[in-house]
Every structure is written in C-alpha cells, then in structure tokens.
Amino acid sequence: MHSRGRIFSLLCSAGLLPGLCSLAFASGPGASHSGTAASSSEQQPPNAEQARALHALNRLAFGPRPGEVEQVAAMGVSRWIDSQLHPGKIDDSALEQRLSEYRVPTMDPATLMQNFPPGNLIRQALNNRMAVPSGEPQHAIWESQIAIVRQRQQLRAQQQVQPAWQDAQGQVASTQGMQPADAMMNPAAETPTLAESEQKLYADLANTSMVNLPPQQRYKALLNLEPGQIQEVVRSLVPRDRPAMLAGLTPAQRETVLALLNPRVVVVNETEEVRLLRDIYSERQLQRVMTEFWLNHFNIFANKDEVESWYLPEFEREAIAPHALGKFEDLLDAVAQSPAMLVYLDNQESVGPDSLAALRRERAAEYMRMMQSPQAPAAQRQPQLGINENYGRELMELHTVGVNGGYTQQDVIEAAKVLTGWGVAPPQQGGGFQFNENRHEPGDKVVMGHKIRNGGEKEGLQLLHILATSPSTAYFISRELAVRFVSDDPPPALVDRMAKTFLSSDGNIAKVLRTMIDSREFWSATDTGNKIKTPLDYVVSAVRATNAEVAQPYRLVAELRVMGMPLTGTQQPNGYAMTNDAWVSSAELVSRMNFALGLACNRIPGVTVSVDQLLGQEGDPSAQVQQESRLEQAILHTPASPGIHQAVLASLDDTAAQTRAAASLALAGDAGGNPFAAGLTRTASQPAEAQDAVMAGLLIGSPEFQRR
Amino acid sequence: MAITRRALMRNGAMAVVGTAALPSFLTRTALAADASAGGKNQRVVVLFQRGAADGLNIVVPHAELYYYQARSSIAIPQNQVLDLDGFFGLHPALAEFRPLWNQRHLAIVHATGSPDPTRSHFDAQDYMESGTPGYRATVDGWLNRALQAQDEYRREKGSPFRAVSMGTDVALTLRGKVPAVALSNVGNFAVGGRNPDAAPVSEIFETMYDDSTSSLLRGTGAETFEAIKMLRSTDPAHYTPAYGAQYPPGPFGDSMRQIAQLLKANLGVEAAFADIGGWDHHVNEGNVEGQLARSLRDFSQGIAAFWRDMGDDAENVTLITMSEFGRTVRQNGTGGTDHGHANVMFVLGGQVRGGRVYGQWPGLNPEQLYQERDLAITTDYRQVLAEAVWKQLGARNMNLVFPEAQLRRQHFLEYLPALS
C-alpha cells in the first residue's frame, strides 16, 4: 500500500494522472473497489451488436482475436454465424499454409507406421520377421529403433543373469547379504577407467562440434550416426544446447531426428500440436469447436495399446472433421468403422460365441486336451473366444441414447453380438476397417425392441441407424450441445426444441445448432459469461486474445497436460466434463495464472506475444494507466470490474520488482518427450515492455478471462 | 494402553538418548485420546501401485508347495524369504519393512481385491479408485466420499490442504465434492513460482479473484491463495527430513517426502494420495533380484523413510497400499506373470494392530484358484478401506462411501482398535 501511494503521487506530480490522483487519495489505501471512474475515458462500453459479437465469439469460436469483435459486429453477427455454419465457404488457406510442413496429420496409418514405426514392428524387424524399409530416412529411423530395443534387451539380460553367488537351487550363503551382482553396487562399474573417461570426453566433444555444423551437414551427420547412437548424442549435450541440434533443419528433418529417438513422440505430439494450431488459427472456428466437441464425445485414448496413437490423425481427419456439422448418423457410422474406435473400445477383440472362429477354437482346444496329459496346466490353455461388450455398451451409454436411454444389459449383449466381426485388418500394421464374417455371431438379434435379421456386416449399420434416429439420442446429444454452448444446466424447453429439430432434420447437426443459436436462451443475459473455460478453451482463447505467434506449439500442448487436459490422454471413454465444477481447483487456477503470466511475458518457448502490437502502438511507458485500459479492451473486450481494474493498476507500483518477476518467471511443465525442446530460446522482453506484459498477464489470468 | 507401549517401543532408541522424548510421549497420549473420538487430527495416506503388483512375490506364502511348483524360476527361495509367521514371508527387498512389522505397526491383508473380474488395468484402477467395482460412470473417488461422509458429523471448514493428491491432477481416489488439491511439486505451488519478486503479482491475482462475481472462482481462489500462503510459510523449498530419514531418489520418494512435509507442517491434511508405477511385470520379473525387487526396494524405502521422518506425528497416520489386481499364480513363458485377481495390501500406522497377516488364505491348489489361474479374493478391498474410513476418519455413512457394498461393522478385520 505504501508503494502504491508513492507511485501514484509520483505520477500525479508529473501531471500525468489528474483524474486518478484525487480518486486514489480520496479512497485511501485498501479501498480499491470504489475506483469505477478509473476505467478510462477512452474505453467505450460495447454497443449491443458488439456485445452479441463477443458472446458469439466466446461460445461459437475459441474467443476473439484483437479487433475481431468489431469486425464481426460490423459484418453483422447473424451473417457471421451463417458463414460459420457453412465452413466450406470460408477461406482457410492461411491455416493450410501454416500446416503444410506437418506430415503426420496427412498420412494414413500404414504409411505413418512405415515412417514412424511402433514398437511391435520394430520387434518384428529385430526378429527378422519383417523387412526394414530401404529408403531414407525411414531406414535410419528403423535401424536406430532396432538398436535401441536391442540395447534395452541386453541391459535387461545383464540384470537377469543368475547371480554367481546363488547356486541352481537358489541356495545362498547368508553372510553374503549384499547383492554383488547388482551393477550399482559394483565399484568397478561405478568408476570409469581413465581411458573410458577420455573416450567419453572425445565423444562429447564430437557431439558438441556436431552442433556447430551447418544445418544440412549436421542433418547428414545425425542420419549417419551408428544406429542408436543418437541417444548418446542427446545425453552428452546439456539441455541448454540441445535445441541447437535442430536449428535450421526443415520440419521434416526435425521429425526425422526426433524419430531416431522415439517415433511415437513424433506421432502423438504432432497430432496434438496440429489439432491445437487448427483451433487457434482456423477461420472456420465453429467447425473447430464442433470437431473438438465430437473428439471429446467420441473420446479415444492414445495409450490404449501400442498402435492406437497411429490411428489418431486419421480419426480426426476422416471420421470426425468431415461430419462435425453434418448428419449425426454419418458421423456415428464413420466412428463405428474407424480403426481408432474399434481398437479403443475392443470391438475388434469381440467374437460371437457361436461364430465359426469360436467353434474352430473350441475344436482345437478339445484336440489339445485329448493329446495332453490331464495334468497340463490350466493357465496355458488358449483363452476362450467371446463377446466383448465394451463398445456395445459405450455406443449406447455414451455415444447415442445415454445411460437413461432405455436399454438393458440384454440390449448391450445383443448390440455387441450385432457388431461382432467389425474389426481392423490388422491393427499391428495400420490396417483399415474390415468385416470378418468368421467372427460374426449368426442369427437374428433384438436390440431395444427392434428386430435385426441375420445379415452379417449390414446388421451393424442397421443398429447404428436405429440408435442414431432414436428420440433418446436426439435428446441426449441436444442436451450435451446445450451444456457446451449455453449453460451447465440448460433449460429443458430449449433442449426439447433442439431434440425436435434433430428428429425432423434427420440428425442434421448444423440445424440443431441453428435452433439453439436462434433461441432466446442462447442469448440470455443471465447466462452470458457463465461457462468456465476448459483448459483447451482457456489456452486457445488466450493465444487468440494476445494474437500470439505460435512457431512451436509443443509447449502449449504440454501446458494442457499440466492443466489436466491432455488432448489424447484421457483414458475414460466419456472424455472430459464440460461443466464448470470440473475445471475449478486450486492446482488448476495456479497453473492458469502461471500460464497467463508466462504467455504475456514471453516465457513460453516457441510462442511470441507482442504487447506493443496488442496496444496498437508503440508502448509509451509514461501512460501506463491508459495502456491498462487499452489492454482491458483488447483482452477482455469490455471494461473490467472495478476491483480487477484497480488490482491490475496496482502492478504499476513497483516497476522494478514486476520486471524482475517477469524476467525470472519459471513455468512448470515439460517438453512432451522432446529432448531437444527443453531450452528453446525465448523472446526476451524489453524492460519497458515488461510492465505492459505483466498487466496483460494479469488480465489473462483474471477470473474474467476464465469465463466465456 | 497398548498404544503407548508400542509408541515407546518405536521410540525406544530415542528414549535412551535423553529425556527429550518425554514431552512428546505425553503429547502422543493426548492425541491418542483424541484419536479414539474419531476424526480429529487423523490422517489417511493411500498409496496405489499401478500396473498390478505381484502380491504372491511380495508377501510370499512360502509354506505353499504349489507356490514353488507354479513359479519355477521366479519364486523366492524359502531361505531367502523374510519369514513373518512361518507361513508368509516378505520379499527380501522389503527388508525395511521388517522393523515396522516387529514393532507391530505394519499389518498385512492377503488375498484381497476388487470382486470385479476385469483384467483391464484401466477399468480395474478406476473401479478400485472410485470404490464402485463394475460401475464405470462413478465420477468421484472413495476417499473424497469418505471426507464427505465425515462432513456429516462436523461443521468446521476443512483446510485447503485437507485432501492432497500428489501429481499434476487429482487422482480419481480423491476427486469429488470436497476440494482436493493436486501438487506435483510442493516447491512450485505458487503463482510466478518460488520467486520472491512474484509475491506482489500473486497478491494482485488474489485481489482479483476475491472480487469475482463467480462464487466458484471466488471460493476456489480464496482457497488457492490461502494454500499458497500457508505453504510459503513452511518454506517448502528447504525441507530436511527428520531423524536422518533417507528417501529413495525418484518420483515415489519425492511424493512420500512431500506428504511427510505437508503432514508435519500442520496444514490440515487429512487425506493424501500418491502412486507408484511400474508393476506390470509380464517379462523377466526376477526373483530375489530383478525388476520386481527393484520396484519393491523403491516402494519400501520410500514408506520406511516416511515413517521415520514422521516421528511422533506418525501416531495419527494410517497408511494403506493397494494395486488394481494381482497376477497369475503360475509364471508365464517369458519369466513373468500375467494379469490375475487377488492381491496383498499393507496397512501401516500408529494405531494399527500390526505384526499380523489378516484375511483368510484361500490356498493355491489348482481347485482353490479363481478361474483356475488366480489367487481368489477372500476379503473385499472395501472392507479394508472402510475400517480406516470409519475408525480413522470418523465417518459413518458407508452407503455414501461404498454404495451398494452393504458394508457393516462386522465386516471389519479389526486391524484398528475399536472406538471407545
């Protein structure tokens, strides 16, 4: 308080803040709440159309970019909404240009596996059951991975060697309590010989000098390393120096170098990064909001098994995005036939108990029993083939009619029988959808009172049609949309109207949204700003609000992990909650405030914010109170509450401390498995800019900005 | 009083050193009296071994012939087992548990687990953590509901640190209505990091959240800043474990050290959760040495260091370990074990009647196995948890904590003394 008074009086005596002075002194220390008048002469309350534009951008897009509220208001909010409902007509070439260098999202799973092999293919190649691709750089990547797996196996084998002090019966002299076989306990292994140290020194020097090579020579040198050697190279570099290893390389070359170490990281990171870049930069914002909505509705967990991650780009590209605003049944069919979902919810494991495959297995087991002695261990018998209900259940409970949608356990079993045979050919090699007649349960089925005649593959489509057109589904999906777009507890009358549109329009998602947007409830003042942003909403809207340039999105993806919303990392099939209480916790708020400061103060590697640009002019340090009002306008688009306004102004009190704080801000978080990312250079803020940056950070971290 | 006797035994070494132990001895008695009232100053620490730990090689039924027949290369030889009672013995890598057992602070429950037959790690972990086996849609965890049930009996507001989950997000066990805080690094839980220059920024944020029109943001904001300030006052960055406790390096040791730190700082922690991964040993599990032994050393050293570090404060703590399911009785073709059914739980605490293996042993004869391959469950894991919830946290509404389990007091194993 003391310092605030000092700064204010200083500004006053300089004649800079005549209006504010009287206010600050009249209200006295601690009475900051009364400072309404301070929210600026130049800040106009938005007109009605701008208020509508702001609401539309907050709900139907990932928040406004600087100037966008005014643009949308000028164009007319209704016209903007029309265009967003017809995304095909919106030019998005700037985004496509930005993404043109990312290869992962464009590849089909099999190609992806050739370029960035999963562990199962590497093990096959290691055992000579599969040929290593001959072209470069795939060959180098495969060989590197093979060498890494081999090293790991050797290490494990060494650790498994029967200790010499233990004889075949496992007898041991009790005096030898220490475990001499343990390498950690072996002083000889601990202390390298002089020769070894020297060798390591030269190796490290070689690696360091590799960093200094021109990019193309460096890339060649990295490709020509002994297979697996890349690990040593990374280890020998201090984290600070690692980013330099990738400097100047093309994105494809960077992918390759990272894939030498870990192909999976390339696949998962790039999938998540491109998803985030689209959310941030696409002009087709509603299309992106809906794509994220469906990706969450039809959640897939990237770590389901060894290959699931390789199906994620295709899932978004082919199953979700094309139908995000289309017909629900098309979307449901595409998801049901996507290898990503068939693997994730185990349908490809499901076998009809009376199917040909099950009968053959049974006969084989019988034969084995006849041939074996009766003492044969039970555990070694082949597992029985059978129904896996997982997808059948979630299809009804989470994807269509909802948990109260009127189905029974028997319906789940029948639905699972209908879907037997729907599988992937074969997932270990990136295969596509395949119907396997041999695994299909023969006979008629009855699901929720509907008879489905014995008909092989077609039965599944019939089931999906029944579910997609069920009134329960219309209501369930409409309510979920209303929770995302209107309020945590949406008015039942609105949901009913949306459900009616759903049924009468044959599940046309754009029309259901249209009914919602045209409703009084959507624009209700009491619900404006009542939704807490999810971490995804928050990060994307913050980047958009600051007009940040994202050159390297990996750190933003990592921030989502810190905030508890890894994009492809939730195991539960119901995805993330879209209600407020799920996203307000102590750890969550701390992460968000730190992210806000880090973003505005340019402490997030690969992301650059220009506060000057945000202010629309060169920063004038003598007019920071006006700057604050301008920042409020730019970031919140509406005057902040008096308390927030005063609080942000208080940051001007101790310039030196704020600047130091901004400069030394350390963010928790990780590099998402990318060892080269650890110390990517950050844009240094100029001290004069730091004040404005801290103010911008405070506004982004403010409670106002947590809401939409 | 048995409690004081055992407390004396545990602190025997210190008592010899000087009279300094006396005042704390008196304190402990006072707290013990409190404890019998249930709930006050009582803390529960839950540790989850993710990946399905091999309970049969952790607490070894070394008197079972079938154990050695089924595990030709990975069994722990009888003369290597740390014998407990002539039938069971600890894996030799659990040597640090031995004193805790001898002092009767460590109890074991064998052949326990979730009745759901799933062998999926994720489903099983969710079921264990939600406390509702077989029911996937549960959104909150049993320990959070235990705190909710506790609230039915008391009015005062909990501390922001009442429920602490180690990690970047609140584990399902602790998710729910009662605010729980996720901490990955006690030293980083601050706005702007530990940097002292950031304090003014933090205060500005505090003013803002205090002013928010959203009660959710205002309320959580207040809790957050209170927590930040409480934590700052304990100088979390400079913590020295007491009594020479040495935590093993790595995430589990870090979690245990930070839980001890929070508990000892009197921040009002009542429930803490941490996990430790890497138990899914399908290949080359090892026996006396090897992968499982390494995991067990980390596990037991972390717990033993925690116990030592807590000193007298351990008197009010009950620590429970669990894992989603056990592993097959028979070793597989690759020197490991596959997903099984029943498992073992450890219970450690000042009040615990330790030095005993609780539960019925179902046997390992082929006809005694679950689905002809796994150790059968004779104690539902919720019986073990419910007793701690009832006696340690003083909660009564078991239908809220474990819906549909129909748990009654007569289901308790009585590893904790009855409440007076």
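Trainee: Before we start, what are the ground rules?

Mentor: This is a predicted model, so local features need pLDDT of at least 70 and side-chain atom pairs count only at pLDDT 80 or more, while totals for chains, interfaces and linings use all residues. Residues are numbered from 1 along each chain as its sequence is written, chains are lettered from A and ligands numbered from 1 in the order in which they are written, and side-chain values use heavy atoms, with hydrogens and water left out.

Trainee: Why is B:Q49 called buried?

Mentor: Buried means under 20% relative accessible area, exposed over 50%, and partly exposed in between, with a 1.4 Å probe and protein chains only. B:Q49 has 2% relative accessibility, so B:Q49 counts as buried.

Trainee: What is B:Q49 in contact with, beyond its neighbours within four places in sequence?

Mentor: Contact means heavy atoms within 4.5 Å. On that basis the partners of B:Q49 include B:I58, B:I276, B:W279 and B:F299.

Trainee: And where does B:Q49 lie?

Mentor: In strand 1 of chain B. Strands are DSSP runs of E with at least two residues, helices are runs of H or I with at least four, and both are numbered from the N terminus.

Trainee: What makes strand 1 of chain B mostly covered?

Mentor: Seven of its seven residues, 43–49, are buried. Both faces are covered, with B:R43, B:V45, B:L47 and B:Q49 on one side and B:V44, B:V46 and B:F48 on the other.

Trainee: How do you know that strand 1 of chain B pairs with strand 9 of chain B?

Mentor: Two strands pair if DSSP finds at least two bridges between them. Strand 1 and strand 9 (residues 317–323) of chain B have seven, in the parallel sense, and B:V46 has B:I320 as its bridge partner there.

Trainee: What does strand 5 of chain B pair with?

Mentor: With strand 10 (residues 343–349) of chain B, the pairing is antiparallel over five bridges. Strand 11 (residues 357–358) of chain B runs parallel to strand 5, joined by two bridges, and strand 12 (residues 379–380) of chain B is also parallel, over two bridges. B:I108 stands opposite B:F346 in strand 10 of chain B and opposite B:V357 in strand 11 of chain B. As for cover, eight of the eight residues of strand 5 (106–113) of chain B are buried.

Trainee: Why are strand 2 and strand 3 of chain B called edge strands?

Mentor: They belong to an open sheet of three strands in the order 2-4-3, with antiparallel pairing. Strand 2 (59–61) and strand 3 (82–83) of chain B each pair on one side only. Three bridges join strand 2 of chain B to strand 4 (residues 88–90) of chain B, with B:V59 opposite B:L90.

Trainee: Over to chain A: what makes helix 29 mostly covered?

Mentor: Eight of the nine residues of helix 29 (554–562) of chain A are buried, including A:Y554, A:R555 and A:L556. The cover includes helix 16 (263–281) and helix 28 (535–545) of chain A. After helix 29 of chain A comes A:G564, with a positive phi near 85 degrees.

Trainee: How much of chain A is buried?

Mentor: Buried residues make up 54% of its 708 residues.
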